[in-house]
Amino acid sequence: MNVSKNELIEKIESARKLLNASIDKGEDYEEIYRRSVELDGLIEQYIAAGF
């Protein structure tokens, strides 16, 4: 996957905001966990890309 640094940062920020909103709203654990795993995956991509 070839994603630019800025695109990846935008995806990370978006995922972070969604995760925080889920936590603030008290959504189900499964939804919060899913969003957390998604954010972790994006962060892993960022690190692996060497940005």
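Q: Which kind of link joins the side chains of arginine 16 and glutamate 13?
A: A salt bridge joins the two, at 2.7 Å from N to O. The term needs a side-chain nitrogen of Lys or Arg within 4 Å of a carboxyl oxygen of Asp or Glu. This is a predicted model, where local features need pLDDT of at least 70, side-chain atom pairs count only at pLDDT 80 or more, and totals for chains, interfaces and linings use all residues. Residues are numbered from 1 along each chain as its sequence is written, and side-chain values use heavy atoms, leaving out hydrogens and water.

Q: What does the secondary structure of the protein chain come to?
A: Helices (H or I, at least four residues) and strands (E, at least two) are DSSP runs, numbered from the N terminus. The protein chain has 2 helices and 0 strands. Helix α1 covers residues 5-25. Helix α2 covers residues 29-49. The C-alpha atoms fill a box of roughly 35 × 15 × 15 Å along the principal axes.

Q: Why are arginine 16 and glutamate 13 about one helical turn apart?
A: Both are in helix α1, and they are 3 residues apart, so about one helical turn separates them.

Q: How many salt bridges does the structure hold?
A: It holds 5. One of them links arginine 34 and glutamate 31 at 2.7 Å, N to O. These two residues sit 3 apart in helix α2, so about one helical turn lies between them. Arginine 34 has a second bridge, to glutamate 38, at 3.5 Å, N to O. That pair is also in helix α2, 4 residues apart, about one turn of the helix.

Q: Which residues do salt bridges with shared partners join into one network?
A: Glu31, Arg34, Arg35 and Glu38 form that network. Arginine 34 is partly exposed at 42% relative accessibility. Glutamate 31 is partly exposed at 23%, and glutamate 38 is partly exposed at 38%.

Q: Which residues make up the largest nonpolar core?
A: In soluble globular proteins, nonpolar side chains tend to be buried together. A nonpolar core is a set of buried Ala, Val, Leu, Ile, Met, Phe, Trp, Tyr and Cys residues joined through side-chain atoms within 4.5 Å. Here the largest has 7 residues: Val3, Leu8, Ile12, Ala15, Leu19, Leu39 and Leu42. Helices α1 and α2 each supply at least two of its residues. The largest share, 4 residues, comes from α1.

Q: Which residues is leucine 42 in contact with, leaving aside neighbours within four places in sequence?
A: Contact means heavy atoms within 4.5 Å. Leucine 42 contacts Leu8, Lys11, Ile12 and Ala15.

Q: How many of the residues count as buried, as a percentage?
A: Of the 51 residues of the protein chain, 18% do.

Q: How many aromatic pairs does the whole structure have?
A: Rings of Phe, Tyr and Trp (its six-membered ring) pair if their centres lie within 6.5 Å; planes under 30 degrees apart count as stacked, over 60 as edge-to-face and the rest as tilted. A search finds 2 pairs. Tyrosine 29 and tyrosine 33 have ring centres 6.0 Å apart and planes at 25°, so this pair is stacked. They are 4 residues apart in helix α2, which means a separation of about one helical turn. Tyrosine 46 and phenylalanine 51 have ring centres 5.5 Å apart and planes at 50°, so this pair is tilted.

Q: What does lysine 5 touch, not counting residues up to four places away in sequence?
A: Lysine 5 touches Tyr46 and Phe51. Lysine 5 lies in helix α1 and is partly exposed at 38% relative accessibility. Tyrosine 46 is partly exposed at 22%. Phenylalanine 51 is partly exposed at 38%.

Q: Is tyrosine 29 buried or exposed?
A: Tyrosine 29 is exposed, with 59% relative accessible area. Tyrosine 33 is partly exposed, with 48%.

Key:
Buried means under 20% relative accessible area, exposed over 50%, partly exposed in between (1.4 Å probe, protein chains only).
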